[in-house]
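Please keep the viewer open as you read.

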Amino acid sequence: MTNSSTTRSTSERQIRLELNQRLRQLEYGGAGKDPLKNAGHGTFGQRTTRGLLLVALTTLVPGGAQSVTGNHRLGRIGLAVTVINWTLIVLTILGLVFARDFTLSLAFNPFIQSIGIFYLAALAVGWFILWLDTARIIQFVKLKSGARTLVAALLVAATLLTSGLTAYGAFLLNASTSSLGSIFGSGPAVEESDGRYNVLIMGADAGEGREGLRPDSISMASINADTGKIFLFSIPRNFQNAPFASDSPLWGVYPEGYSCGDNCIINALYTDVTNNYADLYPNAQDPGAEAMMDAVSGILDLDVTGYVMIDMAGFSELIDAMGGVTVTTGGWTPYRGVRPDGQWGNAWWEPGTHTFGGDDALGFARSRKWSSDYSRIRRQQCVQQAMLSQFDVPTLLTRFESILSAGEQMVETSIPQSQVGSFLNLGAKSQRHDMERLTIGAPDFGDQGEQFSTYPDFDEVHARVHEMLAADGTPPSGAHIMQPTLGLYLLEATNNDPTADWEPVPTQPDGSEITKEYLQWAEDTGQTNLLTHAAETNHQCNPG
């Protein structure tokens, strides 16, 4: 009897538990009893799951949490904005794939950017309101303490990730719009010339004991308007007798070219025109820069239609903002620093790979003691290429504000803001091609060195320039045409190891390796020939 009673009692308890379970399920299925809609129902586990689900909905589908809990009006607004956002994202992706030039141009349009700032700010505020409402409908008081902490932490993290990052995006867009407005003007677009954009790039410096600002680095980038391939023509700063076309304002002043002797090296033209002939360029923002464009047009026999002026002090700040720049050099390069004996003076960077901060990168690029202008130009090109190649998306995102700040102090240009997107698109295309370089002087024009810079053969210069451009498939604009036999003029595009053809690093007269102590001794004892020999190969440089 006892066993029978015990069995019957157990069966009754099981039946009662099943009935209670069924009743609860029926209650939850009734109006207002769904545990997803009402935190007052369901087990603690179900309430925790509900809280996590609402956080996930507000993160991935803003407005979704409100839609499933009964606040339909707020939910509809959130869902409508979500649909708009995803539509914009899809359109942007399609635009970058099928119409990148137009999409980037639109993205850098000042009016579009202003709308974007307002939209992102409103989106951040709206998302934050949804998070506050999500916190309300979760009803933390009805969760166990452990679950309450977990859900609250996830909600805060998700709020910072979504609303916070959107607000930060609005801030960055506002900062970039302001910076771009201060760097790029609203003038006419830089025009193509025979399918190319020819843009003068000058590195300017008012230091080193000079009177007035002078471009210390002078290059012209000829960019294929379709493929983005770049040809970089570098002109030594001491280049003389630069010719001017008959339609240049300077033709009447210098009909025989800029040919007044040592006072008329090309980097003095900028200051000369700024101080004495600015009235010849009445509509120019920078008459000196316009004059330099005219001179380079005459030297290369190309129509130079735009310019970028880079302040070297700002260049140093930009490299610091990027976290430094890495180059590999194939020679000994002197700079002002601490010598091996601890005294301040002429120190040396040894051959090898170096990561330079801004000041050191500038010192490396500028170094001219015991070196030629040709070596200096090559190092300047190398640092510029290294900076561009290491200017990647992670660097931009993590150092955006400091890069913008440095850029404002660094650049003056005739390129309007409306054309920034187009040039960015060309910049992306250019990375698929090797950059070709030609220096209008030694060694690309023989070993004449200073003599060629003083008495240049412009027929030969024009022929070589047009030969390079013809090899790129772009028809030359001048009358000097040669069949494309690149020879030694271009870099080897197929050379996977850019250091393979470098000259050996010089050694001491007895064949032993050069050391910093040896160079210090050579300087202290006046052995200038040994120092010049040691610096012979410091033109050899490669980014990275």
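The report below starts with the basis of the model and then moves from helix pairs to individual residues.

## Basis of the model

This is a predicted model, in which local features need pLDDT of at least 70 and side-chain atom pairs count only at pLDDT 80 or more, while totals for chains, interfaces and linings use all residues. Residues are numbered from 1 along each chain as its sequence is written, and side-chain values use heavy atoms, with hydrogens and water left out.

Helices (H or I, at least four residues) and strands (E, at least two) are DSSP runs numbered from the N terminus. For burial, the terms are buried for under 20% relative accessible area, exposed for over 50% and partly exposed in between, with a 1.4 Å probe and protein chains only.

## Two helix pairs

Two packed helices are described by the angle between their axes and the distance between the axes. Here, axes are lines fitted to C-alpha atoms, for helices over the stretch in contact, and angles run from 0 to 180 degrees between N-to-C directions. Angles under 35 degrees count as roughly parallel, over 145 as roughly antiparallel, 65 to 115 as roughly perpendicular and the rest as oblique.

Let's begin with helix 2 (residues 44-60) and helix 6 (residues 110-138), whose axes lie 10 Å apart at an angle of about 170 degrees. Helix 2 is therefore roughly antiparallel to helix 6. On the helix 2 side, the contact (heavy atoms within 4.5 Å) is made by Arg50, Gly51, Leu54, Val55, Thr58 and Thr59, and helix 6 contributes Trp127, Leu130, Trp131, Thr134, Ile137 and Ile138. Sorted by class, this contact has seven nonpolar, four polar and one charged residues. In that scheme Ala, Val, Leu, Ile, Met, Phe, Trp, Tyr, Cys and Pro are nonpolar, Asp, Glu, Lys and Arg are charged, and the others, Gly among them, are polar.

Now turn to helix 9 (residues 287-300) and helix 17 (residues 458-471), where the axes come within 7 Å and cross at roughly 85 degrees. These two helices are therefore roughly perpendicular to each other. Gly298, Ile299 and Leu300 of helix 9 meet Phe458, Val461, His462, Val465 and His466 of helix 17. By class, the contact of helix 9 with helix 17 has five nonpolar, three polar and no charged residues.

## Salt bridges

How many salt bridges does the structure hold? There are nine, a salt bridge being a side-chain nitrogen of Lys or Arg within 4 Å of a carboxyl oxygen of Asp or Glu. One of them joins the side chains of Arg136 and Asp133 at 2.9 Å, N to O. The two residues are three apart in helix 6, so about one helical turn separates them. Arg136 is exposed at 51% relative accessibility, whereas Asp133 is buried at 10%.

Arg339 is buried at 13%, while Asp341 is partly exposed at 36% and Asp524 is partly exposed at 49%. Together with Glu523, the residues Arg339, Asp341 and Asp524 are linked in a network of salt bridges.

Ser105 sits in helix 5 (residues 100-107) and is buried, with a relative accessible area of 19%. Leaving aside residues up to four places away in sequence, Ser105 touches Ser418, Gly421 and Ser422. With Ser422 there is a side-chain to side-chain polar contact at 3.3 Å. A polar contact is a pair of N or O atoms within 3.5 Å; within protein, one must be able to donate a hydrogen and the other to accept it, and residues adjacent in sequence count only if both atoms are side-chain atoms.

Ile310, in strand 4 (residues 306-311), is buried at 14% relative accessibility.

## Positive phi in two loops

Gln139 has a phi near 55 degrees, a positive value in a residue other than glycine. This residue lies in the loop between helix 6 and helix 7 (145-183), and Gln139 is partly exposed at 27% relative accessibility.

Asn241 is not a glycine, yet has a positive phi of about 65 degrees. Look for Asn241 in the loop between strand 3 (230-235) and helix 8 (269-276).
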